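Student: I'm new to this one. Can you walk me through it, one question at a time?

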Amino acid sequence: MHWRALLLLLIVLGLPDSAGIRAQGLPELGDVSQAGFTPVEEQRMGESIMREIRADRSFYDDAEATDYLSNLGNRLAARSPDARRTFEFFLLREPQINAFALPGGFIGVHTGLILASQSESELASVLAHEIAHVTQRHIARMFDQQKQSAVGSLAAFAAALLLSRVSSDAAQAAAALGAAGAVQSQLNFTRDNERDADRVGLQILDKAGFDPQAMPIFFERLQRSTRIYESGAPSYLRTHPLTYERIADIQNRMQDMGYRQVPDSLAYQLIRARLKAEFEAPRDAVAYFEESLAQRKFLSEAASRYGLVVSLLRARDYTRARAELDALRKLVPADPLVDTLTCDFGQRALGPAKALGCYREAIKMYPSYRALSYGYAENLLRAGESQEALSYVEGRLQSITDDYRLYQLQARAYGALGKRLAQHRAQAEAYVRMGNLGAAVEQLQLGLKNGDGDFFQLSSAEARLRELRKLDQEQRRESGKR
Ligand SMILES: [Zn+2]
């Protein structure tokens, strides 16, 4: 992420808040106490940017792919120098090879990066580098202690700049990019920060049990592809300029680390195949996996079969999907991704009533697998089992309180049962967790107008409405300061 570019942009544009931002003379590395950006401010800024990103259409909120990425990221983060630090990993549906760290431990990964990686260690090497940017507080150091009030205006700009990079059709952001482009092209990145992130990233990669060789190998491949694409260089290289010096540096550091053959996890292979299957046109995807199986050109046969089933489902070729699914299940008898796909096949090909048994069995095996729990609730709703759907979702909500999708499912179940106040109340809670307080307030007002709750429900909804209004006003006041 071009935080330096952002700061320069603010200075170039002469925004009032930019005067006190110190782009030069950053605190020395290692001097954490001097970093002027407190963790709370950093978190708040990150969340403010995330509100914009979650509303962007490139935000790829796929439970299986996101959970895989989070597991991988958290496994790496646990071996970082700051293991207590929390992270949130998310995906953007974008073809370019890119990953970036935001303030507050949010790390974004383009789906193009996963598809371009040729091993899990390669993907992990980029993640480890981004995690290192966060734990080394490189972003926080960009901000000056005295200029805390700048954080709000920076967040708005950062969001615009970021969106312009991740989403080609963010109109508002495009304007910002026009101005930023000229600035960015003249930028010299903080090479110290990059070198530091490479050094720490490599240690993280090694400690977490991945192959450290994957880092220079992937970087070299990226660099070769740059020469081919010229101006259309992968985004990652624009934010992380690679030099032979940098790659040689990494290689030197690796001399005392042994070569390590690390097999890819099945989850990595399946998720990669799934992204391929989901993003190509269905027929092209079917042809791609058929060919890879026919010529035995694949990372794993199971992954190619899995990709083929996903593609056939998208092409609505249920007869062939069933045959391929049988072949896949022989290769992989028990796996949450394969079981979820099997039940999904049942729901689509045979109908929700016939898929209930599949979901009930699978849920017993993997009670906390998110994609399966959504699929099960969805299937119950489609099968007309609204009361059971409600009980199931409310059971999950007892231990998970920050998942907007569970609240959306709860709202649908209440809706199907004709309970209007409860429906709007649940939808309001979903909006709160999506960071959209205005919409949450609106939902509660709608629910109260319906007036179908009992005394207790009505007064509880009114109290929640007052609470959310207050929060919403506070948030608006804060952004008004920007
Ligand atoms: Zn970097």
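Here are some questions and answers, going from the whole chain to a few single residues.

Tutor: First, some ground rules: this is a predicted model, where local features need pLDDT of at least 70, side-chain atom pairs count only at pLDDT 80 or more, and totals for chains, interfaces and linings use all residues. Residues are numbered from 1 along each chain as its sequence is written, and side-chain values use heavy atoms, with hydrogens and water left out.

Student: How many helices and strands does the protein chain have?

Tutor: Helices (H or I, at least four residues) and strands (E, at least two) are DSSP runs, numbered from the N terminus. Going by that, the protein chain comes to 23 helices and three strands.

Student: And what share of the 482 residues is buried?

Tutor: Buried is under 20% relative accessible area, exposed is over 50%, and partly exposed is in between (1.4 Å probe, protein chains only). For the 482 residues of the protein chain, the buried share is 53%.

Student: Are helices α13 and α14 roughly parallel or roughly antiparallel?

Tutor: Helix α13 covers residues 282-294 and helix α14 covers 301-314, and they pack with their axes 8 Å apart at an angle of about 155°. Axes are lines fitted to C-alpha atoms, for helices over the stretch in contact, and angles run from 0 to 180 degrees between N-to-C directions. Angles under 35 degrees count as roughly parallel, over 145 as roughly antiparallel, 65 to 115 as roughly perpendicular and the rest as oblique. So α13 and α14 are roughly antiparallel.

Student: Which residues of α14 does α13 meet?

Tutor: Contact means heavy atoms within 4.5 Å. From α13 come Pro282, Ala285, Val286, Phe289, Glu290, Ser292 and Leu293, and in α14 they meet Glu301, Ser304, Arg305, Gly307, Leu308, Ser311, Leu312 and Arg314.

Student: Where is Arg314, and which backbone oxygen lies 2.7 Å from a polar atom of its side chain?

Tutor: Arg314 sits in helix α14 and counts as partly exposed, at 28% relative accessibility. Leaving aside neighbours within four places in sequence, Arg314 is in contact with Ala277, Glu278, Phe279, Glu280, Ala281 and Pro282. Arg314 and Ala281 are 33 residues apart in sequence, with their C-alpha atoms 8.9 Å apart in space. The backbone oxygen 2.7 Å from a polar side-chain atom of Arg314 belongs to Glu280.

Student: Which residues does Glu324 contact, leaving aside its neighbours within four places in sequence?

Tutor: Glu324 is in helix α15 (residues 318-331). With 14% relative accessibility, Glu324 counts as buried. Leaving those neighbours aside, its contacts are Arg305, Leu308, Val309 and Leu312.

Student: What is the phi of Arg296?

Tutor: Most residues other than glycine have a negative phi. Arg296 lies in the loop between α13 and α14 and is exposed, with a relative accessible area of 55%. Its phi is positive, near 50°.

Student: Is Arg137 buried or exposed?

Tutor: Arg137 is in the loop between α5 (120-135) and α6 (150-166). Although not a glycine, Arg137 has a positive phi of about 55°. Its relative accessible area is 13%, so Arg137 is buried.

Student: Last one: which side chain does a polar contact of 2.8 Å join to that of Ser58?

Tutor: Ser58 lies in the loop between α2 (39-55) and α3 (63-77) and counts as buried at 5% relative accessibility. A polar contact is a pair of N or O atoms within 3.5 Å; within protein, one must be able to donate a hydrogen and the other to accept it, and residues adjacent in sequence count only if both atoms are side-chain atoms. The side chain joined to Ser58 at 2.8 Å is that of Asp56.
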